[in-house]
Amino acid sequence: MKNVAVVGGGAGGLIFANTLAKEMSEDIQSGKMKIRIFDGSIYHEFQPGYLAVAFRGRDPESLRRYLSGLVLPGVELVPENCSKVDIDNRFVVTEKTGKKFEFDEVVIATGSKPDYSQIPGLSQANHDFHSSARASADAYKRLQKVRWGKVVTGIAGVPYKCPPSPNESAFMLDEFFVRRKLRNEVKVTFLTPYLRSYSNETVNSIIEPIYKERNIEIITSFNLESVDPEKELLVSMEGDTLPYDTLFLVPPHTGAAIFKGEEYADSDGWIKTDKYDLHVTDHDYAFAIGDATNLPISKAGVEAHLEAIVVANNIVSEMNGSSDRYEFTGRLQCSMETGFHQATFVVGTYDKPIERIQPSFYNYMQKKLMERIYWASLKGGYEWLFRWHFGEDYYRKTTRQRPPAQSPKVQNI
Ligand SMILES: Cc1cc2nc3c(=O)[nH]c(=O)nc-3n(C[C@H](O)[C@H](O)[C@H](O)COP(=O)(O)OP(=O)(O)OC[C@H]3O[C@@H](n4cnc5c(N)ncnc54)[C@H](O)[C@@H]3O)c2cc1C
């Protein structure tokens, strides 16, 4: 019997578990494999939709599905978060009931979360369009009241998920005020710690002219240290200040708190992960996928998806006695809406530089299509379409050997 534990039932965890369950249905039925997802959330949310809730007044409920309804037969959902993942001794402990579950293989897919503690004053001042459907709905309530003044959006700190999303917020705010005929009364400012409007120069060269054309101010190299909500002032680490009237910033993110202090994670809780086969450093039976990893790539759903496919396929091969092994190519594909029904994409891999893709209505429709197939894709649906779309970047076959498993440590008694 192979016991597979999946810690976190978001985009990556669901695609991994459901794909594995589809491929191994006979083994699951005959008791040779058990797959469990651990996640205390009642709902899963379509996170890219947060922007439309905050800046277009979309219904927040439309972004939600019950997590239990996204798990295929053959996968057991344990409706609790884990408070401990002991990789060396191969068990997890659940948070509420303190139950211990042993595993043979574990996949960590706990995502990333905003960390307001890094910037004093930010949580009181900010209208968060980035962390939940509910928070975005509150941000929209505030936005509707804005008639004039200085609206500042952008990046409060790094890392954060979905790199283009702060730029999208600037373009969507511009569109909102244009449509309300308030654009002349409202100054829109985009704030970033990077040297340009987008960290990558190719993408920057495409979007910077749009900022100019729409009269959106860009303030670069602003490393936000604190916010003074009383004085409505942003203060940078270098001592610069910037006044605002309304704030829509993306807070810096960290990994799940339970990993801080674990040897297999860094000090911010990001899991030390192999960039190709996604094993957790020194453990060939533990993997990390999606936002939870320390990989130097975008934290985005496409990465979580393709990483889930690589790990699932490697476990299937192993179970079937096949020597086929697969690697993640580093493929990223983040859509960036530029307003008024136009979008571009940030596309690249570990080996291929970011492509130059001009904003178009066609790209915007592709982004819309992604939402149409999102819920089915979490259940392993439309994989033929993704395989066709990503082509050679979907995954790479490899002969690379994984490192030998680390033996359990001697426990202090
Ligand atoms: C505004 C916005 C726009 C975005 N747009 C795009 C886009 O256009 N394209 C794109 O590809 N990506 C986009 N993303 C990013 C994408 O949504 C995430 O990168 C993706 O969901 C990451 O998947 P994940 O499985 O790593 O984490 P998540 O989907 O966040 O899931 C993590 C899960 O882990 C669970 N969890 C946390 N701690 C524990 C614990 N201790 N025990 C058990 N479970 C736990 C959580 O409850 C959650 O269900 C966007 C994100 C935002 C916020």
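**Ligand site**

I began at the ligand and found a backbone N or O atom of D291 at 2.9 Å from one of its oxygen atoms; I count a polar contact as a pair of N or O atoms within 3.5 Å, and within protein one must be able to donate a hydrogen and the other to accept it, with residues adjacent in sequence counting only if both atoms are side-chain atoms. The protein covers 90% of the 1000 Å² of accessible area that the ligand has on its own. I took accessible areas from the Shrake-Rupley method with a 1.4 Å probe, and for residues only the protein chains shown count as cover.

This is a predicted model, in which local features need pLDDT of at least 70 and side-chain atom pairs count only at pLDDT 80 or more, while totals for chains, interfaces and linings use all residues. Residues are numbered from 1 along each chain as its sequence is written, and side-chain values use heavy atoms, with hydrogens and water left out.

I then looked up two further contacts to ligand oxygen atoms. G12 places a backbone N or O atom at 2.8 Å, and Q47 places a polar side-chain atom at 3.1 Å. Around the ligand I have 29 residues, of which G12, D39, S41, D291 and G301 come nearest; a residue is near if one of its heavy atoms lies within 4 Å. The shell divides into 12 nonpolar, 14 polar and three charged residues. For this I count Ala, Val, Leu, Ile, Met, Phe, Trp, Tyr, Cys and Pro as nonpolar, Asp, Glu, Lys and Arg as charged, and the others, Gly among them, as polar.

**Helices α1 and α8**

Helices (H or I, at least four residues) and strands (E, at least two) are DSSP runs, numbered from the N terminus. α1 (11-23) and α8 (301-319) each supply at least two residues of the ligand shell, and α8 gives the most, with three.

In α1, 10 of the 13 residues are buried, so the helix is largely enclosed by the rest of the structure. Buried means under 20% relative accessible area, exposed over 50%, partly exposed in between (1.4 Å probe, protein chains only). G12 is among the buried residues of α1. L306 sits in α8 and is buried, at 0% relative accessibility.

**Helix α9**

I checked the length of α9 (residues 361-378): its 18 residues should span 26 Å at 1.5 Å a residue, and its end C-alpha atoms are 26 Å apart, which agrees. The expected span is 1.5 Å times one less than the number of residues. α9 bends by about 40 degrees at R372, the bend being the angle between axes fitted to the seven residues ending there and the seven starting there. S360 caps the N-terminal end, with a side-chain oxygen 3.5 Å from the backbone nitrogen of Y362. After α9 comes G380, with a positive phi near 85 degrees.

Most residues other than glycine have a negative phi, and most peptide bonds are trans. I noted the V158 to P159 bond as cis, with omega near -5 degrees. P159 lies in the loop between β11 (149-155) and α6 (165-179). C162 is found in the loop between β11 and α6 and has a positive phi, near 55 degrees. H341, in the loop between β22 (332-339) and β23, has a positive phi near 60 degrees. H341 is partly exposed, at 39% relative accessible area.
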